[in-house]
Amino acid sequence: MNNYNLFAEFYDSLTENVDYKVRSDYISNFFSTSGKGKGKGSVLDLACGTGSISKYLCMKGYSVIGMDLSDEMLTVAASKLIEGLTLVKGDMTEFSLPYKVDYCVCSLDAINHITDYSDVIKCFKCVYDSLNVGGVFVFDVNTIHKHKNILGNNSFVFDEENYFLAWENYFTEPDTVDIYLDFFVYNGSNYDRFSEHIKEKAYSIDSLRKGLKMYGFEIVGIYDELTEIEPKDNSERVYFVCRKV
């Protein structure tokens, strides 16, 4: 597992193009339509990062547990003083909760940061064990297509007011992208350089479906990003909606 340690300081700035409200609306709609419980209920925001999805779910009236392995991410999330949010440190492949929740969300390709399929299965088991019967699990993943044709062997540059980021990706088999981040952070007179290496692995829809069914999840739907239509060959992100039966 990889931590977004240095990345945490800049994460919100780098994801300004992500409409978290739209995503939280999309996710919570599945809570309402696919769950068997009533009311808003409790949510585990797994790999919650800086708490952006948690924030909007709390605003909708859900009681949210935000879990992340990165102390730095949790520190940023805590600084937002989100009412209704409880933050805990935990590994998404090996955790248990003091009580079961009604829903779980794992968003923005956090599953892709688990680079061993056996650990993905462990994650699914932990989620299953943490949900009430009828509870809903919604997560998204970057696709193999995106890894091969969008992210892999590509570079991105962010030139911001107080930092410069050189982001280089290298596609490696099987379906893994090695991400190298070089931050140049302005300290008032010159720039300090910080580097970080992250891996992402893409999994086929069939392998994820198999892993979910292994622990008794009912798959309600598999959808192209922010839609309710089936994924296409060139889909870049796919959402899974699952229910504990």
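Q: How many of the residues of strand β5 are buried?
A: A residue is buried at under 20% relative accessible area, exposed at over 50% and partly exposed in between, with a 1.4 Å probe and protein chains only. Strands (E, at least two residues) and helices (H or I, at least four) are DSSP runs, numbered from the N terminus. In β5 (residues 131–142), 10 of the 12 residues are buried, and the strand is mostly covered. The model is predicted: local features need pLDDT of at least 70, side-chain atom pairs count only at pLDDT 80 or more, and totals for chains, interfaces and linings use all residues. Residues are numbered from 1 along each chain as its sequence is written, and side-chain values use heavy atoms, without hydrogens and water.

Q: In which sense do β4 and β5 pair, parallel or antiparallel?
A: Two strands pair if DSSP finds at least two bridges between them. Strand β4 (residues 101–106) pairs with β5 in the parallel sense over 5 bridges; Y103 stands opposite V136 in β5.

Q: Which strand is joined to β5 by 7 bridges?
A: That strand is β11 (residues 237–244), and the two run antiparallel. The bridge partner of V138 is V241 in β11.

Q: What is the order of the strands in the open sheet of 4 strands?
A: The order is β6-β7-β8-β9, with antiparallel pairing. Because β6 (155–159) and β9 (191–201) stand at the edges with a single partner strand each, one side of each has no neighbour in the sheet. Within this sheet, β7 (residues 163–172) and β8 (residues 176–186) pair over 10 bridges, and A166 stands opposite D182 in β8.
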